[in-house]
Amino acid sequence: MEKKQHVLWKKHEYAYPMAGNFVPFLVSYLHEEGGDRPGVLVIPGGGYCFVAPSEAEPVAKRFYKAGYQAFVLTYTVNPLMNAPLGLQPLKDASRAMRLIRMNGEAFRTIPSQVAVCGFSAGGHLAASLAVHWQDIPDLDEALNAWTNRPDGAILSYPVITAGPFAHRGSFQALLGEKPALEDLEYMSLEKQVGKETPPCFLWQTATDNAVPVENSYLFAQACREQGVPYAHHVFTQGQHGLALADDAWLEGRHGECFTTRQLEMLDEMVEAGRVPGFSAGALAPYFAPPEDAGEAYRAQLEKDCRIARVWPDLAIAWLGSLWEAGTEPNR
């Protein structure tokens with residue numbers, strides 16, 4: 001396996017105020033033999049406040065094992081809730097999709113078979129790319145020649161709606177404490193599905209304790225109404241953030257934690273007194289190890305994982321059916 005990092009933006013192109021020296025980037029996991037392959041862009045969750053390692057490298061390696069060229073996006077987040085992100089994460093995802101296609105020869109990736117796979121707030125970002133791709137041109141003419149539309153979208157326990165079932169923290173990080181109604185409407189993605197939305201695969205648990213299951217139901221219903229091909233799987237039980245729901249997840253083994261790069265750089269700024277209104281330790285909760293919740297809780301997690309861990313096989317089979325059916329060239 002060939003693993004490399006690819007910076008998305010030149011310094012003069014990127015200007016999020018709370019980024020410090022951080023610049024969003026991709027990490028690729030590539031097969032070096034066997035010809036061109038389908039690709040998948042993995043977008044971890046984290047409430048638009050961090051980029052979760054548990055939904056990054058392990059997921060990329062699972063798709064790699066299934067024969068994909070896999071890419072993980074470390075995008076812009078707002079951990080201090082002091083600088084609304086606006087469209088910046090969507091711009092990051094859009095450029096990542098174009099970069100994968102433009103470098104299809106080097107990445108040995110089939111440009112018309114590139115899917116996106118997002119989790120939680122990363123699912124909102126993946127779904128945003130699926131419904132708003134036409135709204136995000138790229139200033140780089142060479143990149144703009146390639147479409148940013150995913151050929152398929154896998155949405156894992158996604159944040160979708162800004163309505164009654166919203167995950168409020170995600171929308172606060174994205175739009176601020178008092179967002180305009182038109183911005184909430186734009187980012188309430190069940191209202192934005194259209195005929196050009198790519199096929200979608202959704203999965204969630206009925207007992208999700210952070211993002212209500214209604215989020216995925218609302219998006220699936222919108223796909224149905226717009227004639228967008230979709231699959232929708234709701235598992236009986238399970239907490240939010242199950243990722244692959246495998247033994248490694250249960251044991252807290254998440255691979256290389258490169259997705260925390262922006263947090264680490266922002267923490268250095270806070271510790272140096274360069275972020276007005278915040279004192280040393282403001283980001284400490286993001287770095288604290290998880291508390292031991294006890295044997296009964298671990299037993300419940302094991303049961304939840306036995307139920308939900310089939311989702312990658314279902315999603316990979318679903319993507320295979322898309323490629324077999326054929327897609328129009330994305331250029």
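Trainee: Why is tyrosine 48 called buried?

Mentor: Tyrosine 48 has a relative accessible area of 1%, and buried means under 20%, exposed over 50% and partly exposed in between, with a 1.4 Å probe and protein chains only, so tyrosine 48 counts as buried. Do keep in mind that this is a predicted model, where local features need pLDDT of at least 70, side-chain atom pairs count only at pLDDT 80 or more, and totals for chains, interfaces and linings use all residues. Residues are numbered from 1 along each chain as its sequence is written, and side-chain values use heavy atoms, leaving out hydrogens and water.

Trainee: What is the phi of tyrosine 48, and where is this residue found?

Mentor: Its phi is near 60°, a positive value in a residue other than glycine. Tyrosine 48 sits in the loop between β3 (37–43) and α1 (57–65); helices (H or I, at least four residues) and strands (E, at least two) are DSSP runs, numbered from the N terminus.

Trainee: Why does serine 120 count as buried?

Mentor: Serine 120 is at 7% relative accessibility, so it counts as buried. Serine 120 also has a positive phi, of about 55°, although it is not a glycine, and belongs to the loop between β5 (109–119) and α4.

Trainee: How do you know that cysteine 305 is too far from cysteine 117 for a bond?

Mentor: A disulfide is a pair of cysteine sulfur atoms within 2.5 Å. The closest cysteine sulfur to that of cysteine 305 is in cysteine 117, 16 Å away, and therefore too far for a bond. The structure holds zero disulfides. Cysteine 117 is in none, and the nearest cysteine sulfur to it, that of cysteine 200, is 12 Å away. Cysteine 117 is at 0% relative accessibility and so counts as buried; cysteine 305, at 0% as well, is therefore also buried.

Trainee: What makes a nonpolar core, and which residues have the most contacts inside the largest one?

Mentor: A nonpolar core is a set of buried Ala, Val, Leu, Ile, Met, Phe, Trp, Tyr and Cys residues joined through side-chain atoms within 4.5 Å. The largest has 106 residues, and Leu41, Phe63 and Phe219 have the most contacts inside it. Leaving aside neighbours within four places in sequence, phenylalanine 63 is in contact (heavy atoms within 4.5 Å) with residues including Cys117, Ile154 and Leu319.

Trainee: What makes a space a cavity, and what makes it a pocket?

Mentor: On a 1 Å grid over the protein atoms alone, a cavity is a set of points where a 1.4 Å probe fits but cannot get out, while a pocket is an open set with protein on both sides within 12 Å along at least five of seven lines; lining residues have an atom within 4 Å of a point. By this rule there are two cavities of 30 Å³ or more. The largest cavity holds about 40 Å³, and Tyr48 is one of its lining residues. α4 gives the most to that lining, with three residues.

Trainee: How many residues line the largest pocket, and which are closest to its centre?

Mentor: The largest pocket has a volume of about 1300 Å³. Of the 37 residues that line the largest pocket, Phe50, Ser54, Trp249, His254 and Pro290 are closest to its centre. α12 gives the most to this lining, with four residues.

Definitions and conventions. Points joined across faces, edges and corners; volume = space filled by probe spheres on them.
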